[in-house]
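User: Hello! I am new to this structure and would like a friendly tour of it. Could you take me through it step by step?

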Amino acid sequence: MSIPPLTPYDMPDHPVSNRVDWRPEAGRAALLIHDMQDYFLGKYDVARAPIPALIAAIARLRARCDALDIPVFYTAQPPVQPAADRALLNDFWGPGLTAPDQQVGAGIVAALRPRPQDTVLTKWRYSAFQRSDFRRRLADLGRDQLIITGVYAHIGCLSTALEAFMQDVQPFLALDACADFSLEDHRMAIRHVSRNCGASLTTGQILDALDTATTPAAREETA
């Protein structure tokens, strides 16, 4: 069974209540653009909600991260995945983009194509941390916060947030810079992160927090 065509829905964009008062800081955070491959976006009508808002929000976050020297990471599933590597994913989702007629969808959507300074992680499981050196890379950069964007919110984005928490990295789900199978699934991911492992914040809240943490007054307070 593969991912079915997905019905349009309006992007949730209102602040929610979080269990913790964490806020991202430019000197601690990294940005993750999760699985924004043409194959996964192709399950939507990309001209309709929530996709235009999704791409625009991620682009805003990436631009601010560039300005603040915040590292940008991507995940992308490889177009060829031997059965032993794909393993149990086959039982849930079939061959996915590794199917011969789907491999052209392996590229990142054109509006968010990785640049030379970005890092692309090969994605093998729901979590970006599985079978990758992501945690070491974050540690090497002195980063212990992760801003999570992309698709799908209640699967890979949520799994990555949970594992980040369990590896002592504060996760921030950019709630209006993610998309999902449905509004119900999307809201579930937002609630789960906000209650159990991190903070679900709007793009505006994240940008405001990053700007606040880089003002002269904030730098003096943390010096």
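User: Which residues have the most contacts inside the largest nonpolar core?

Analyst: Welcome! This is a predicted model, where local features need pLDDT of at least 70, side-chain atom pairs count only at pLDDT 80 or more, and totals for chains, interfaces and linings use all residues. Residues are numbered from 1 along each chain as its sequence is written, and side-chain values use heavy atoms, leaving out hydrogens and water. A nonpolar core is a set of buried Ala, Val, Leu, Ile, Met, Phe, Trp, Tyr and Cys residues joined through side-chain atoms within 4.5 Å, and buried means under 20% relative accessible area, exposed over 50%, partly exposed in between (1.4 Å probe, protein chains only). The largest such core has 45 residues, and those with the most contacts inside it are M36, L54, V151 and Y152.

User: Which helix gives the most to this core?

Analyst: Helices (H or I, at least four residues) and strands (E, at least two) are DSSP runs, numbered from the N terminus. With seven residues, the biggest contribution to this core comes from α2.

User: Within what arc do the buried residues of α2 fall?

Analyst: The buried residues here are I51, L54, I55, A57, I58, L61, R62 and C65. An arc is taken from the directions from the helix axis to the C-beta atoms. Seen down the axis of α2, these residues line one face of the helix, because they fall within an arc of 165°.

User: What covers the buried residues of α8?

Analyst: In α8, the buried residues are T203, I206, L207, A209 and L210. They fall within an arc of 160° seen down the axis, so they line one face of α8. Counting contact as heavy atoms within 4.5 Å, the cover includes α2, β4, β5 and β6 (199–201).

User: Which residues are exposed on the other side of α7?

Analyst: Helix α7 (residues 183–196) has H186, A189, I190, V193 and S194 buried. Those five cover an arc of only 120° around the axis, which puts them on the same side of α7. On the other side, the exposed residues are E184 and R195.

User: How are the rings of Y39 and F40 arranged, stacked or edge-to-face?

Analyst: Rings of Phe, Tyr and Trp (its six-membered ring) pair if their centres lie within 6.5 Å; planes under 30 degrees apart count as stacked, over 60 as edge-to-face and the rest as tilted. Both Y39 and F40 are buried. Their ring centres are 5.1 Å apart and the planes are at 80°, so the pair is edge-to-face.

User: Is V46 exposed, partly exposed or buried, and what is its relative accessibility?

Analyst: V46 has its place in the loop between α1 and α2. Beyond its neighbours within four places in sequence, V46 is in contact with L41, I51 and P52. V46 counts as partly exposed because its relative accessibility is 47%.
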